[in-house]
Number of protein chains: 2
Amino acid sequence: MAKRTQRRADRLSREVIVKAATDLLDTGGEAALTLRAITSRLSTGYGAVYHHVENKSDLLAAATDDIIAGVMTGVVVDAEPREALRTVALGLFDAIDAHPWVGAQLSREPWRPALLEIYECIGGLLDALGVPGQALFDAAGALVNYVLGVAGQNAANARAHVAGEVDRTAFLSAIAAQWAELDPGKYPFVHKAAARLPEHDDREQFLSGVDIFLAGIATLR
Amino acid sequence: MAKRTQRRADRLSREVIVKAATDLLDTGGEAALTLRAITSRLSTGYGAVYHHVENKSDLLAAATDDIIAGVMTGVVVDAEPREALRTVALGLFDAIDAHPWVGAQLSREPWRPALLEIYECIGGLLDALGVPGQALFDAAGALVNYVLGVAGQNAANARAHVAGEVDRTAFLSAIAAQWAELDPGKYPFVHKAAARLPEHDDREQFLSGVDIFLAGIATLR
DNA sequence: ACCTGAACACCGTTCAAGT
DNA sequence: ACCTGAACACCGTTCAAGT
């Protein structure tokens with residue numbers, strides 16, 4: 001007789017399913033997260049998965065919440081607010097760099113718990129910084145969106161060479177070369193920027209942006 | 001005999017395919033853009049479409065480039081730089097609000113022509129504003145990402161009630177009610193923000209963020 | 001060169017049936 | 001309650017064949 005597929009010994013749980021999903025996403029990107037891949041990795045069936053998880057969207061959201069919760073719980077709230085803000089921002093940047101799919105998910109379904117956690121943390125720190133009244137809410141919205149926007153763009157670039165076919169510097173050099181060929185009359189800024197592209201540090205530029213932001217917020221006080 | 005499907009009279013072109021794709025995306029969101037929907041709407045076959053377009057990704061990128069080009073060509077470059085920046089930012093915000101799929105596409109494939117156009121415009125205006133040297137590139141990167149980040153988030157919210165099942169205010173009220181129920185001890189900021197959520201104007205908050213940014217950039221001069 | 005449409009190799013999700 | 005896996009209704013893409 002043909003051997004039957006081995007059924008898993010221990011019980012399934014939402015937790016192990018989310019863990020498996022995270023592994024798949026980290027290894028192969030969003031395209032690698034399929035229900036078939038999940039069932040075969042966990043030696044189970046579709047019904048079993050759907051018993052613990054509402055659908056694929058729910059699964060992706062749960063995996064995202066886990067990653068963000070990991071970043072937010074590590075934040076020391078009683079540090080100097082300005083420094084704490086930089087730490088949180090950088091923590092989010094690095095987490096999204098390590099898990100590019102998190103960035104896409106946060107902007108796809110912004111009403112899920114993960115973004116709430118982020119708003120609370122950044123809003124609270126801006127409050128501690130002394131930003132007053134209505135400006136506080138504008139500033140929080142702006143800063144959260146800046147952080148997620150840059151981190152997401154960076155992640156998209158990272159995703160472009162996830163398979164290892166081309167490495168990061170080669171990818172950026174190729175774009176820089178393309179930009180350098182543009183007509184300097186029509187594209188003066190991008191033409192100049194091309195020279196800086198291969199050597200620039202994404203993390204540092206990200207922090208520069210945060211500082212610009214904080215400088216702008218300081219004028220509101 | 002069964003009647004054969006009518007073949008289209010005029011010749012197909014990349015342009016009409018992109019136009020049809022834009023209509024489908026605007027009407028039914030990203031899920032509505034399928035090769036089947038395109039072929040049936042244009043009374044043609046798969047091969048015909050693939051003859052003018054590389055693949056679905058290429059089609060989505062081309063549609064995005066069209067929308068962004070429409071925004072950027074309308075910009076008056078010799079206006080006062082500060083005012084021109086606000087105009088461009090608002091133009092992008094409104095375009096992404098009207099075509100939510102554009103926001104997602106720009107962050108999915110940031111190396112395509114559309115983003116180049118945006119960088120050139122915003123970078124050029126910041127240059128005209130007198131932002132010096134290295135700071136210019138940091139500032140341009142930060143501002144572009146802020147604009148696309150907020151516009152994208154706003155579009156994601158808009159997408160959530162695209163079908164018309166729930167209107168905008170009802171959707172925001174529902175989220176606000178959810179936030180208001182959170183423990184004020186654990187979520188003081190979000191709890192307070194809940195009260196402002198239903199009445200707040202996304203466009204205005206977006207512009208407030210741009211102003212914070214420009215104020216921060218002014219400190220670099 | 002331009003177009004047709006059957007066929008291929010996938011998807012997410014459901015559900016009757018099992019334990 | 002928890003799990004199985006065949007089946008359903010879709011996808012994007014290819015390609016031999018037509019004009």
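This is a predicted model: local features need pLDDT of at least 70, side-chain atom pairs count only at pLDDT 80 or more; totals for chains, interfaces and linings use all residues.
Biologist: Let's start with the DNA. Which residues come nearest to DNA strand D?

Modeller: There are 21 residues around DNA strand D, and the nearest are A:Thr44, A:Gly47, A:His52, B:Arg36 and B:Tyr50.

Biologist: Which helices supply at least two residues each to that surface?

Modeller: In chain A it is α3 (46-52), and in chain B they are α2 (35-41) and α3 (46-52). The most comes from α3(A), which gives 5 residues.

Biologist: How do the residues of that surface divide into nonpolar, polar and charged?

Modeller: The surface near DNA strand D has 9 polar, 7 nonpolar and 5 charged residues.

Biologist: And on the DNA side, what share of the atoms within 4 Å of the protein belongs to sugar or phosphate?

Modeller: Sugar or phosphate accounts for 55% of those atoms of DNA strand D, and bases for the rest.

Biologist: Which polar backbone atom is 2.8 Å from a phosphate oxygen?

Modeller: That one belongs to A:Gly45. A:Arg11 also has a phosphate oxygen of DNA strand D 3.4 Å away, in its case from a polar side-chain atom.

Biologist: What about a base oxygen, which residue has a backbone N or O atom 2.8 Å from one?

Modeller: A:Gly47 does, and the base oxygen is in DNA strand D.

Biologist: Changing topic. How many aromatic pairs are there over all chains?

Modeller: The structure holds 11. One of them is B:Phe93 with B:Phe206, a stacked pair with 4.6 Å centre to centre and 25 degrees between the planes.

Biologist: Which parts of chain B does that pair tie together?

Modeller: B:Phe93 sits in helix α5 (residues 81-98) and B:Phe206 in helix α11 (residues 202-218), so the pair joins parts 113 residues apart in sequence.

Biologist: Is B:Phe93 buried or exposed?

Modeller: B:Phe93 is buried, at a relative accessible area of 3%. B:Phe206 is buried as well, at 1%.

Biologist: Which residues do ring pairs link into a cluster?

Modeller: From chain A, they link A:Phe93, A:Tyr146, A:Phe206 and A:Phe213; from chain B, B:Phe93, B:Tyr146, B:Phe206 and B:Phe213.

Biologist: Last topic, the two chains. How many residues does the contact take from each?

Modeller: The contact takes 54 residues from chain A and 54 residues from chain B. Between them the chains bury about 4,300 Å², with 66% of that on carbon and sulfur atoms.

Biologist: Which residues in chain A lose the most area to chain B?

Modeller: They are A:Phe137, A:Phe189 and A:Ile212, together 17% of what that side buries.

Technical notes: Residues are numbered from 1 along each chain as its sequence is written. Chains are lettered from A and ligands numbered from 1 in the order in which they are written. Side-chain values use heavy atoms; hydrogens and water are left out. A residue is near a molecule or strand if one of its heavy atoms lies within 4 Å of it. A polar contact is a pair of N or O atoms within 3.5 Å; within protein, one must be able to donate a hydrogen and the other to accept it, and residues adjacent in sequence count only if both atoms are side-chain atoms. Helices (H or I, at least four residues) and strands (E, at least two) are DSSP runs, numbered from the N terminus. Ala, Val, Leu, Ile, Met, Phe, Trp, Tyr, Cys and Pro count as nonpolar, Asp, Glu, Lys and Arg as charged, and the others, Gly among them, as polar. Rings of Phe, Tyr and Trp (its six-membered ring) pair if their centres lie within 6.5 Å; planes under 30 degrees apart count as stacked, over 60 as edge-to-face and the rest as tilted. Buried means under 20% relative accessible area, exposed over 50%, partly exposed in between (1.4 Å probe, protein chains only). Contact means heavy atoms within 4.5 Å. Buried area is the accessible area (1.4 Å probe) that two parts lose on being put together, summed over both.
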